[in-house]
Amino acid sequence: LVENMAKFNGIDGQIGGYADPVYSAYDYFIFAFLGAVGGILGAVWCEINRSMAILRNRFYTGQSRRSGILVTRLIRAAELLLLVIAMTVLIWFLPQAYKECGSL
């Protein structure tokens, strides 16, 4: 019964016995676990984002009062530039670290 619950229709031109894999009962527990972990990580991300927004708001509000709007805008631009550089470095160098592809 479980074997026929979910079947993948395959990809056109796929070679081998992978066109119609069958999932067993324990696979669904793994999928549920991965979904739960993804939900927990999403909640952590939302909490970090909320905390960072509060800190940013406090910092920028204080900055704009003391040194003017131009400095606040420059600080925001520098923060954005730093974030873009960090993500670019990660996107470029992480694939370089794992050049070898292997079978699962």
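A search of the whole structure turns up 2 salt bridges. This is a predicted model, and I will take the pairs one at a time.

In one of them, R50 pairs with E47, and the closest N and O atoms are 2.7 Å apart. R50 has 46% relative accessibility and E47 has 39%. Buried would require under 20% and exposed over 50%, so each counts as partly exposed.

In the other, the side chains of R56 and E79 meet at 2.5 Å, N to O. This pair links distant parts of the chain: R56 belongs to helix α1 and E79 to helix α2, residues 69–97, and they are 23 residues apart. R56 is partly exposed at 31% relative accessibility, and E79 is partly exposed at 29%.

Now the chain as a whole. It has 2 helices and 0 strands. Of its 104 residues, 5% count as buried. Among contacts with a separation of 6 or more, 3% come from residues 24 or more positions apart. The accessible surface is about 9,400 Å², and carbon and sulfur atoms account for 69% of that.

Last, the surface itself. Where is the nonpolar patch? It is formed by Y26, F29, I30, F31, F33, L34, V37 and L41, with about 890 Å² of accessible area together. One of these residues, I30, is in helix α1, which covers residues 25–67. I30 has 42% relative accessibility and so counts as partly exposed.

Notes: Residues numbered from 1 in each chain as written. Predicted model: local features only at pLDDT ≥ 70, side-chain atom pairs only at ≥ 80, totals over all residues. Heavy atoms only, no water. Helix = DSSP H or I, 4+ residues; strand = E, 2+ residues; numbered from the N terminus. Buried < 20%, exposed > 50% of the residue type's maximum accessible area, 1.4 Å probe, protein only. Contact = heavy atoms within 4.5 Å. Areas by Shrake-Rupley, 256 points an atom, 1.4 Å probe, with all protein chains shown as cover. Patch = residues over 30% accessible without salt bridge, like charges linked within 9 Å, V, L, I, M, F, W, Y side chains within 5 Å. Salt bridge = Lys/Arg side-chain N within 4 Å of Asp/Glu carboxyl O.
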